[in-house]
Amino acid sequence: MSILHIVNKSPYEKSSLYTAVDFVKDSDVVLLIEDAVYAAARGGKAAEKLSGLDISVLGADLAARGIGEDKLIDGVSVVDYAGFVDLVKAKDSTQSWL
Amino acid sequence: MSDVKKLMYVNRRAPYGTIYAWESLEVVLIGAAFDQDVSLAFLDDGVYQLTKGQNTEDTGMKNFSATYAALGDYEVTKIYVEKDSLDERGLLLDDLQHLVWEDEDEDWAEKDSIRLVSRAELADLMADQDIMFNF
């Protein structure tokens, strides 16, 4: 069973991302949306927690927050809303860490 | 005793995930009509409100980030940004908008509105306020 873990809260305000990361298994993907996209910005303390994981980030939410793709940590996939749907389809279930 | 009170708006939330940032900005602009000694503080995720290059086109939300540049015209000239919060998030002063105000007393010289402060300095500033509004 593979899970798409969706996180929407800033890692600097809530611990949702850190909890989610503890639950991630090898075949899982973590999708960062809304304020969670700040986690993927290079140089931030939260970015360290994401190494080795399969991370996707919603592009529209990055743009809204002024985070250029050049400012992301390596290995992160930027997806649009259609890509979000594809991820949901590709995994057996989704878990939203609200 | 002067009627002018020292008011500080304390901003601790990121701009789009919740409505706090926008609400704060609206209250600041409304409050600017009253002659008070106003300052804004940005700390924790609040520092994200001031970042450059925000483009909300694909999210369907209003981009209110350009409004911060108008604060100088409303005589809101003291914008304190806590450096520790920037550091933790991997942000530099250069990642923030360059906010300025024009000093009437010095032939409208353009001056920086943003002042980087440490947590301890911000604590001292807070201790000096009459009223704080928290967002």
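Predicted model: local features only at pLDDT ≥ 70, side-chain atom pairs only at ≥ 80, totals over all residues.
Local features were taken only at pLDDT of at least 70 and side-chain atom pairs at pLDDT 80 or more, whereas totals for chains, interfaces and linings use all residues. Residues are numbered from 1 along each chain as its sequence is written, chains are lettered from A in the order in which they are written, and side-chain values rest on heavy atoms, with hydrogens and water left out.

In the interface, 21 residues of chain B are in contact with 17 residues of chain A, contact being defined as heavy atoms within 4.5 Å. The two chains bury about 1400 Å² between them, and carbon and sulfur atoms give 50% of this area; buried area is the accessible area (1.4 Å probe) that two parts lose on being put together, summed over both. On the side of chain B, the most area is lost to chain A by B:Asp45, B:Tyr48 and B:Glu88, which together make up 29% of what that side buries.

Across this interface, 2 salt bridges are found, a salt bridge being a side-chain nitrogen of Lys or Arg within 4 Å of a carboxyl oxygen of Asp or Glu. In one salt bridge, B:Asp95 pairs with A:Lys71, with 3.1 Å between the closest N and O atoms. Because B:Asp95 lies in the loop between helix H2 (83–88) and strand E4 (100–103) of chain B, and A:Lys71 in the loop between helix H2 (59–64) and strand E4 (77–79) of chain A, the pair joins two chains; helices (H or I, at least four residues) and strands (E, at least two) are DSSP runs, numbered from the N terminus. B:Asp95 counts as buried at 15% relative accessibility, whereas A:Lys71, at 35%, counts as partly exposed, the classes being buried under 20% relative accessible area, exposed over 50% and partly exposed in between (1.4 Å probe, protein chains only).

A salt bridge is also formed by the side chains of B:Arg13 and A:Glu13, at 3.6 Å from N to O. This pair likewise crosses between chains, from the loop between strand E1 (6–11) and H1 of chain B to the loop between strand E1 (3–7) and helix H1 (16–23) of chain A. B:Arg13 is partly exposed at 21% relative accessibility, as is A:Glu13 at 41%.

Over all chains, the count comes to 16 salt bridges. Within chain B, the side chains of B:Lys52 and B:Asp94 meet in a salt bridge of 3.4 Å, N to O, and this pair links parts of the chain 42 residues apart. B:Lys52 is partly exposed at 37% relative accessibility, while B:Asp94 is exposed at 58%.
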